[in-house]
Amino acid sequence: MLKITKLWMDGQEEPVGVGGLPLFGWQFAGSRRNLYQPAYRLQIAGEAGFAAPLFDSGRVESGESSYR
């Protein structure tokens, strides 16, 4: 299983504002060696539980660990 271990926006772990279209990035880890990320889905919500997401990228078939 994969787990996100670090998340950042525009190169900052705790950004204080958004100017334009931000760049999101992440690091992940897991219990096995040689892990590969075949796809990702980025969801952004204004509150816990993601009842009404503000943004949803849908499934993106990519091994990249960034989204713009």
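D56 counts as partly exposed, at 32% relative accessibility, where partly exposed covers the range between buried, under 20% relative accessible area, and exposed, over 50% (1.4 Å probe, protein chains only). The model is predicted, so local features need pLDDT of at least 70 and side-chain atom pairs count only at pLDDT 80 or more, while totals for chains, interfaces and linings use all residues. Residues are numbered from 1 along each chain as its sequence is written, and side-chain values use heavy atoms, with hydrogens and water left out.

**Salt bridges**

- A search of the whole structure finds 3 salt bridges, each defined as a side-chain nitrogen of Lys or Arg within 4 Å of a carboxyl oxygen of Asp or Glu.
- D56 is the partner of R41 in one of them, with the closest N and O atoms 2.5 Å apart.
- This pair links distant parts of the chain, since R41 lies in the loop between β2 and β3 (43-45) and D56 in strand β4, 15 residues apart; strands are DSSP runs (E, at least two residues), numbered from the N terminus.
- R41 is exposed, with a relative accessible area of 52%.
- K6 pairs with E13, their closest N and O atoms being 3.6 Å apart; K6 is partly exposed at 31% relative accessibility, whereas E13 is exposed at 54%.
- E61 forms a salt bridge with R59, the closest N and O atoms being 2.5 Å apart; E61 is exposed, with a relative accessible area of 59%, and R59 is exposed at 59% relative accessibility.

**The surroundings of S57**

- S57 is placed in the loop between β4 (53-56) and β5 (66-67).
- Leaving aside neighbours within four places in sequence, S57 is in contact (heavy atoms within 4.5 Å) with R41, L42 and Y67.
- The side chain of S57 reaches the backbone nitrogen of L42 at 2.9 Å.

**The largest pocket**

- About 200 Å³ of space lies in the largest pocket, a pocket being an open set of points on a 1 Å grid over the protein atoms alone, where a 1.4 Å probe fits, with protein on both sides within 12 Å along at least five of seven lines.
- Lining residues, which have an atom within 4 Å of a point, include W26, F28, R41 and L42.
- β1 (2-9) and β2 (24-30) each supply at least two residues of this lining, and the largest share, 3 residues, comes from β1.
- By class, the lining has 8 nonpolar, 1 polar and 1 charged residues, where Ala, Val, Leu, Ile, Met, Phe, Trp, Tyr, Cys and Pro count as nonpolar, Asp, Glu, Lys and Arg as charged, and the others, Gly among them, as polar.

Terms used. Helix = DSSP H or I, 4+ residues; strand = E, 2+ residues; numbered from the N terminus. Polar contact = N/O pair within 3.5 Å; in protein donor to acceptor, adjacent residues only side chain to side chain. Points joined across faces, edges and corners; volume = space filled by probe spheres on them.
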